[in-house]
Amino acid sequence: MRPSFSFLEGTVEERIDFLGSMGHELRNPLANMIAQVETLLAGVYGPLQNTQENAVAAIRDSTQRMLRLVTDLVDVGRIEAGVTPLTPMPCLVRECFENGKAEVEALAQSRSIQVVADVRPKDLGVVADARRLEQIIAELLVAALLSMKTGGLLKLAITHEQGGLVLQTQCGAGQAAGHDGPEQVLGRLGKIRPIGLALLQKLVQVHGGTFVLNEMTDQDFGMCIRVPVSRSGGSIVEEVEAVAPQAAAVSAHAESAAPLPAPAQSSAGCRQSLILIADDQPALVAVTRNYFESLGFEVVTAQDGSEAVKQACLLQPDLILMDVRMPVVDGLSAIRQIRASEDPKTRDIAIVSLSGHATAADKEKCLAAGASAYLNKPFGIRELDRIISEFVRPAS
């Protein structure tokens with residue numbers, strides 16, 4: 001079916017929601033940088049230790065991500081204004097895939113998903129704007145990654161059929177997020193990554209292509225893009241590239257993930273205070289985790305709301321930091337599921353919602369869902385110290 005969404009048109013409510021989501025996406029990298037700088041200032045002076053080196057790397061990553069977001073936002077505006085000329089030239093599809101994949105590698109690693117390509121023929125060449133094709137591939141991969149459960153294999157099948165390039169995502173059986181239909185999937189993605197999804201739609205449109213979500217047999221859905229570009233000259237190798245053996249191993253063992261670690265015990269036999277950080281921003285998670293661990297707390301993390309609910313029920317942490325906008329299951333839904341638990345200990349866990357929206361209405365939504373407190377991004381060490389003193393007993 002053909003998706004029906006536009007983030008730059010629609011009702012006033014839809015425009016407000018889009019602008020709010022866009023602001024959230026732009027504020028996250030800034031939140032990461034602020035938290036990381038404070039971590040560095042709180043650390044020891046002199047040669048950087050491992051923690052400080054990781055923070056510096058995270059600052060660099062957040063800065064690069066901010067630049068990409070700004071570039072993507074400008075691209076959307078330019079495409080809307082009709083001032084985005086395409087510069088077609090012969091290019092290899094495999095190279096475009098590798099460059100696009102490199103842009104999403106951090107996201108794929110954070111979600112423990114392996115990304116591979118099945119390009120047929122393996123030396124497939126087309127006449128296209130290579131940079132725009134790389135952007136299409138990157139944004140398509142991001143949309144697919146955020147639609148999948150953590151762990152598993154994502155394959156992008158690329159062929160040239162009927163005068164156009166066909167890009168079809170395929171995830172391992174049972175790896176799609178829930179049983180939502182295409183419209184629900186698009187709606188969820190639009191709230192998580194509005195700029196990237198809007199850019200993907202506009203890039204496909206400016207090429208005169210189509211973007212559809214198809215119901216699949218082995219999984220819930222597959223994303224398919226058709227772009228009318230011609231083949232380039234050169235030899236054609238008809239052999240199909242075999243998927244790497246390790247990719248098959250990942251797919252076969254995707255569901256047999258390692259068990260969650262048991263809460264650590266102190267020498268006196270009492271469990272140390274445990275904090276769960278549920279957020280899909282790796283840099284922010286890394287820095288916040290380092291700070292909590294430096295104070296002596298045990299820390300576990302979750303990449304999406306579904307994983308957060310499972311860990312909350314199993315580990316019953318003393319505190320949960322829950323991001324509002326996450327893939328698979330959003331933070332508000334995860335909070336409601338935890339509050340609806342049959343186990344009173346799980347229901348009573350302190351949950352602090354994290355949000356990039358600095359509005360009273362957003363705070364009210366979080367508290368109404370069952371959050372114990374609300375923390376606006378960007379936040380720093382002082383805010384974390386306040387949350388600890390209010391909701392967590394001192395670490396043993």
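**Reading contacts, burial and packing**

Guide: Let us begin with one residue and its surroundings. Setting aside neighbours within four places in sequence, Ser353 is in contact with Met322, Val324, Ile335, Cys366, Ala371, Ala373, Tyr374 and Leu375. Please keep in mind that this is a predicted model.

Visitor: Where does Ser353 lie, and is Ser353 buried or exposed?

Guide: Ser353 lies in strand 12, which covers residues 350–355. For burial, the general idea is a cut-off: a residue counts as buried under 20% relative accessible area. Ser353 has 0% relative accessibility, so it counts as buried.

Visitor: Val324 was in that contact list. Where is the place of Val324?

Guide: Val324 is in the loop between strand 11 (319–323) and helix 11 (331–339). With a relative accessible area of 12%, Val324 is buried.

Visitor: Which residues does Val324 touch, not counting those up to four places away in sequence?

Guide: Val324 touches Asp330, Gly331, Leu332, Ser353, Leu354, Ser355 and Cys366. Another way to read its setting is by C-alpha separation: Val324 and Ala278 are 46 residues apart along the chain, and their C-alpha atoms are separated by 9.2 Å.

Visitor: Now to helix packing. At what angle do helix 10 and helix 11 pack?

Guide: Helix 10 (residues 305–315) packs against helix 11 at an angle of about 25°, with the axes 9 Å apart. Angles under 35 degrees count as roughly parallel, so helix 10 is roughly parallel to helix 11. The crossing of these two helices is right-handed.

Visitor: Which residues of helix 10 and helix 11 meet?

Guide: From helix 10, Gly305, Val309 and Ala312 meet Ala334, Gln337 and Ile338 of helix 11. By class, this contact has 4 nonpolar and 2 polar residues, with no charged ones.

Visitor: And how far apart are the axes of helix 5 and helix 7?

Guide: The axes of helix 5 (residues 130–147) and helix 7 (residues 194–206) are 9 Å apart, and the packing angle is about 135°. Since roughly antiparallel needs an angle over 145 degrees, helix 5 and helix 7 are oblique to each other. Their crossing is left-handed.

Visitor: Which residues make the contact between helix 5 and helix 7?

Guide: In helix 5 they are Arg132, Gln135, Ile136, Glu139, Leu140 and Ala143, which meet Gly196, Leu197, Leu199, Leu200 and Leu203 in helix 7. That contact divides into 7 nonpolar, 2 polar and 2 charged residues.

Note on methods:
Residues are numbered from 1 along each chain as its sequence is written. This is a predicted model: local features need pLDDT of at least 70, side-chain atom pairs count only at pLDDT 80 or more; totals for chains, interfaces and linings use all residues. Side-chain values use heavy atoms; hydrogens and water are left out. Axes are lines fitted to C-alpha atoms, for helices over the stretch in contact, and angles run from 0 to 180 degrees between N-to-C directions. Helices (H or I, at least four residues) and strands (E, at least two) are DSSP runs, numbered from the N terminus. Angles under 35 degrees count as roughly parallel, over 145 as roughly antiparallel, 65 to 115 as roughly perpendicular and the rest as oblique. A crossing is left-handed if the near helix is turned anticlockwise from the far one by less than a right angle, and right-handed if clockwise. Contact means heavy atoms within 4.5 Å. Ala, Val, Leu, Ile, Met, Phe, Trp, Tyr, Cys and Pro count as nonpolar, Asp, Glu, Lys and Arg as charged, and the others, Gly among them, as polar. Buried means under 20% relative accessible area, exposed over 50%, partly exposed in between (1.4 Å probe, protein chains only).
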